[in-house]
Amino acid sequence: MWNEIFLIPFLTGLGLAVVLPLLGCYLRLRDEWLAALAYSHVAAAGALIALVAGFAPAVGGVAAAGLAGAGKRLFSRRLAGGASYALLLLGGWAVAVLLAANHPMAERLGHALFDGQLYFSGSEQLWLVAMGGALALLMLRALSKQLLLLHVYPDFFRIRGVRAWPTQTGFDVLAALALALATMSMGVMGAFALVFIPPWLAFRRAGNWRRGLLLALFIGVAAYVAAFLLALGLDQPFGPVLALLLIVIGLVIA
Amino acid sequence: MSSLLKLEKLVAGWQQPATSQIDLALAAGEILGLTGPNGVGKSTLLAAIAGRAKVFSGRIEQRPGLRLALQTQDVPPVDGLPLSGRELLALTGASANGLPPWLNDRLDDRLDQLSGGQRHYLALWAILQAPADLVLLDEPTNNLDAAGVAHLTAHLRERAEAGAGIMVVSHDAAFVEAVCDRIIVLEAGDVE
């Protein structure tokens with residue numbers, strides 16, 4: 001386990017297991033949990049487009065998700081009520097499946113992205129997750145009060161002459177980039193499980209916001225460590241083991 | 001007393017005008033009550049001052065640098081959200097000092113575990129005690145019992161004595177009578 005072959009993937013996933021549950025709390029606050037699936041699918045499609053075009057898949061995935069996050073607000077009036085996330089999810093899935101069906105290399109990468117390929121993470125990915133994760137945590141800390149205030153008292157911003165869009169767009173881009181990074185490492189559903197289930201439980205059980213964040217973080221990290229060891233010990237793919245473990249934890253705690 | 005806010009021949013609304021032409025002024029330390037039947041545009045008037053509703057004609061003049069706080073009839077969406085009363089107050093910068101004991105004891109509870117009246121008063125308090133020069137309140141006594149109304153009445157007087165201007169829209173005639181320095185009755189097509 002402490003061999004570098006397993007240590008680097010473990011640390012890469014651990015970084016994501018810290019960031020994703022906290023990010024998920026703010027997505028749930030904004031009733032945007034579907035965004036996790038949407039950005040993950042767009043990132044997968046972007047990675048496959050980059051691969052077919054001869055670029056690094058990770059760059060394509062991060063760029064596609066980042067563009068989706070930044071551009072979503074331009075269509076916010078036409079695509080209210082979560083429609084933007086449904087369209088991004090469907091579009092990302094359709095592009096990814098079509099590319100996988102027509103390019104053998106894209107098919108292999110597509111499987112890896114949707115099934116999760118944490119054990120193949122290298123040191124470059126670890127550094128990317130470490131730096132991106134630290135930046136994401138700092139940004140979440142900076143945006144936290146505004147995001148809560150926007151949800152509880154949306155008029156407070158307008159009445160004080162403060163513009164809401166920098167907070168909203170900043171959070172959208174942050175969520176898109178974090179989910180792109182997670183998709184590249186642990187796959188679409190592994191990332192979604194960490195974004196959705198720990199915050200869902202925290203919102204049900206925690207006594208206040210701060211404890212909610214801590215509870216989501218604890219559940220996410222504990223489930224991740226257990227899933228990593230289980231998958232390794234049983235020689236099973238990581239993503240489905242993590243998802244099943246979180247479902248069991250969810251049913252017990254909820 | 002210095003004027004915080006002046007409305008001159010103001011007509012406000014949403015897609016179309018919803019108020020008659022209104023002239024009024026509010027000074028620092030003054031509590032102004034707006035009453036009248038449903039549909040004359042009392043809430044719309046507050047929304048126009050807050051920049052939410054459209055001004056069709058006339059003008060709103062505010063003291064430069066005026067800090068506003070607005071309490072609407074919308075209930076803050078806190079169901080299913082792990083947010084405590086203390087955290088809610090911290091969001092708007094409101095102090096818990098002066099809260100009634102029946103609410104002070106429950107500040108660390110989740111908001112969705114409080115009664116409707118307790119939640120309403122805490123949400124109102126977060127706005128009322130936010131750092132502001134002019135406080136706009138829309139039906140603040142909704143969901144409040146007699147103890148809540150009595151506490152609110154006393155606290156609004158203290159807030160005004162500390163220098164804030166307060167504009168209150170309410171159907172509760174006894175409350176408006178007890179708390180306001182001046183009352184304007186809005187009627188369809190005219191202002192008395």
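A crossing of two helices is called right-handed if the near helix is turned clockwise from the far one by less than a right angle. With that in hand, welcome to a few close-up views of this predicted model.

**View 1. Helix 2 and helix 8 of chain A cross in a right-handed way.** Here helix 2 (residues 34-53) of chain A meets helix 8 (residues 165-186) of chain A, with axes that come within 8 Å and cross at roughly 60°. That angle is why helix 2 of chain A counts as oblique to helix 8 of chain A. On the helix 2 side, the residues in contact are A:Ala35, A:Ala36, A:Tyr39, A:Ser40, A:Ala43, A:Ala44 and A:Ala47. Their counterparts in helix 8 of chain A include A:Asp172, A:Leu179 and A:Met184.

**View 2. Strand 7 of chain B is mostly covered.** Five of the five residues in this strand (residues 165-169) are buried. B:Gly165, B:Met167 and B:Val169 point one way, while B:Ile166 and B:Val168 point the other way.

**View 3. Strand 7 of chain B pairs with strand 3 and with strand 6 of chain B.** Strand 3 (residues 31-35) of chain B runs parallel to strand 7 of chain B and is joined to it by four bridges. Look for B:Gly33, whose bridge partner in strand 7 is B:Val168. Strand 6 (residues 134-138) of chain B is also parallel to strand 7, with five bridges between them. In this pairing, B:Leu136 stands opposite B:Met167.

**View 4. Strand 1 of chain B pairs with strand 2 and with strand 4 of chain B.** Strand 1 (residues 3-13) of chain B runs antiparallel to strand 2 (residues 22-27) of chain B, and five bridges join them.

**View 5. Helix 1 of chain B is largely enclosed by the rest of the structure.** Seven of the eight residues in this helix (residues 42-49) are buried, so it has the rest of the structure around much of it. The buried residues are B:Lys42, B:Thr44, B:Leu45, B:Leu46, B:Ala47, B:Ala48 and B:Ile49. After the helix comes B:Gly51, with a positive phi near 85°.

Conventions: Residues numbered from 1 in each chain as written. Chains lettered and ligands numbered in written order. Predicted model: local features only at pLDDT ≥ 70, side-chain atom pairs only at ≥ 80, totals over all residues. Heavy atoms only, no water. Buried < 20%, exposed > 50% of the residue type's maximum accessible area, 1.4 Å probe, protein only. Helix = DSSP H or I, 4+ residues; strand = E, 2+ residues; numbered from the N terminus. Pairing = 2+ DSSP bridges. Axes fitted to C-alpha atoms, helices over the stretch in contact; angles between N-to-C directions. Parallel < 35°, antiparallel > 145°, perpendicular 65-115°, else oblique. Contact = heavy atoms within 4.5 Å.
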